[in-house]
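Good morning. I will walk through one chain today, and I will go slowly.

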Amino acid sequence: MENVVLTIHLILALLLIGVVLLQRSEGGGLGMGGGGGGGGVMTGRQAANALSKLTWIFAIGFIMTSVSLTVLAARNASTASVVDTGLPETTAPAVPLLPELTLPALPSDAPATPPPAN
């Protein structure tokens, strides 16, 4: 069930992006577009065209699938916290200790030269 709702959610998201990108820009977003004429955005009631109706339909569907995915996830979630469970009991493998190594003692007078080649 969750996979079906998630698939519908993703399709609605892509359709919503497509419909929003197809709409005509009003030219006044973020202060761009120039011109200070009073007409345009703040005039009376605009007639809703097919793209704006589709945007509303897809947006409502997107919100409904978002809420239903949240409810499904909450229903499937366990009530225990990860912090409450603690760390799993594991025993660390014994690390073998290295035997004590002793190096041969060098006479203090001897120079550190390589052995002669034969």
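Let me begin with a question: is Met-64 buried or exposed? Have a look before I go on. Met-64 is exposed, because its relative accessible area is 56% and the cut-off for exposed is over 50%. Keep in mind that this is a predicted model.

Now the overall layout. The chain contains three helices and zero strands. Reading from the N terminus, the order of elements is α-α-α. The chain has 118 residues, and 10% of them count as buried. Buried here means under 20% relative accessible area.

Next, where does Met-64 lie? Its place is in helix H2, which covers residues 50-76. Met-64 also gives us a pair to look at. Val-5 is 59 residues away from Met-64 in sequence, yet from C-alpha to C-alpha the two are 9.9 Å apart in space.

Let us turn to helix H1, which runs over residues 2-22. How do H1 and H2 sit relative to each other? Their axes come within 9 Å and cross at roughly 155°. That angle is why H1 counts as roughly antiparallel to H2; the cut-off for that label is over 145 degrees. As for handedness, the crossing of H1 past H2 is left-handed.

Leu-14 has a relative accessibility of 62%, so Leu-14 counts as exposed. There is a second pair here, Leu-14 with Phe-58. In sequence they are 44 residues apart, and in space their C-alpha atoms are 9.6 Å apart.

Met-64, where we started, is exposed. That is the end of my part.

Key: Residues numbered from 1 in each chain as written. Predicted model: local features only at pLDDT ≥ 70, side-chain atom pairs only at ≥ 80, totals over all residues. Heavy atoms only, no water. Helix = DSSP H or I, 4+ residues; strand = E, 2+ residues; numbered from the N terminus. Buried < 20%, exposed > 50% of the residue type's maximum accessible area, 1.4 Å probe, protein only. Axes fitted to C-alpha atoms, helices over the stretch in contact; angles between N-to-C directions. Parallel < 35°, antiparallel > 145°, perpendicular 65-115°, else oblique. Left-handed = near helix turned anticlockwise from the far one by under 90°.
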